[in-house]
Amino acid sequence: MVYLDEFGHIGPFVSKNDPKFKESPVFGLAGYIIPLEEVRSFGTWFYQQKCRLLKFEIDRAEQHPAVWEKRGASLYTVTNVTKYQQLRATTNRILNKIQKVGGKTFYVGVRKTHTPETASSNALYHAILREAIKRLNDFCEYDAPDNSRFLMALDEHDQHDQLLTTASMQMYGGETPMRHLIEPPFQIQSHRYQTMQAADWLAGLVGRLGAIWAEPDQYPENEVFRTYFEARVNAASVRSGVRTK
């Protein structure tokens, strides 16, 4: 089972200080691969970690923690990572847990180079999705045990129909169909799935790393993410990367 969420920002990027196009220099999908039989237990384990780490916020929200979520982009800020040792420890526990149950982290993305006039958010998302499916198919073909196959869950997206069409065409069509993908991706509401919330946290972290990989001069403050997490993320990852050239 593969859970993926977006990292960075889908829109064009000019510079960190541009009045309009300043959100992130990268875009991609990130999350993790986990054996199907481990999904329930991992979701429960992540739920417990979330409740322990963010108890104060959950209590203040007056909402059941099963449907309360903290977005990864809000969690992984320079201030939070620098200040809260518990966040750093929980992150490493998540990475260790994924590997311990036979999983891997996974991410694929690009540094955005199109101008605002030529950028197409839909084309970018579709290209990243196709690349993710290809890499996951290759993982099943060459890296995983024989006869491995995968299902993919994505966070909800407003281009639902078009994304399913792209995935279906890649799954069944062309000279190299993606034979290890069992079904086109499912889209689910992240606040109802602990497993997707875990993917969102990883996507938030990869987004911070991707920004300094792509634009180190503009994001020197993100060096803290490299210091604490870069080696661990890469050690847990398979067939992953952010194209920065």
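In this predicted model, Arg208 is located in helix 8. The residue counts as partly exposed because its relative accessibility is 27%, a value between the 20% limit for buried residues and the 50% limit for exposed ones. When residues up to four places away in sequence are not counted, Arg208 touches Ala73, Tyr76, Thr77, Asn222 and Phe225. Another arginine, Arg130, is 78 residues apart from Arg208 along the chain, and the C-alpha atoms of the two are separated by 23 Å.

Phe225, one of the contacts of Arg208, belongs to the buried residues of helix 9, together with Val224, Phe229, Glu230, Val233 and Ala236. Helix 9 comprises 14 residues, 223–236. From its first C-alpha to its last, helix 9 reaches 20 Å, close to the 20 Å expected at 1.5 Å a residue.

Two packed helices are described by the angle between their axes and the distance between the axes. On the side of helix 6, the contact is formed by Tyr125, His126, Leu129, Arg130, Ile133 and Lys134; helix 7 contributes Gln162, Leu163, Thr166, Ala167 and Gln170. By class, five residues of this contact are nonpolar, four are polar and two are charged. Residues three or four places apart in an α-helix point the same way, because there are 3.6 residues a turn.

Glu62, in the loop between helix 2 (55–61) and helix 3 (72–75), has a phi near 55 degrees, a positive value in a residue other than glycine. Glu62 is classed as exposed because its relative accessible area is 76%, which is over 50%. Asn147 likewise has a positive phi, of about 65 degrees, although it is not a glycine. Asn147 is placed in the loop between helix 6 and strand 4 (152–155), and its relative accessibility of 73% makes it exposed.

Notes
Residues are numbered from 1 along each chain as its sequence is written. This is a predicted model: local features need pLDDT of at least 70, side-chain atom pairs count only at pLDDT 80 or more; totals for chains, interfaces and linings use all residues. Side-chain values use heavy atoms; hydrogens and water are left out. Contact means heavy atoms within 4.5 Å. Helices (H or I, at least four residues) and strands (E, at least two) are DSSP runs, numbered from the N terminus. Ala, Val, Leu, Ile, Met, Phe, Trp, Tyr, Cys and Pro count as nonpolar, Asp, Glu, Lys and Arg as charged, and the others, Gly among them, as polar. The expected span of a helix is 1.5 Å times one less than its number of residues. Buried means under 20% relative accessible area, exposed over 50%, partly exposed in between (1.4 Å probe, protein chains only).
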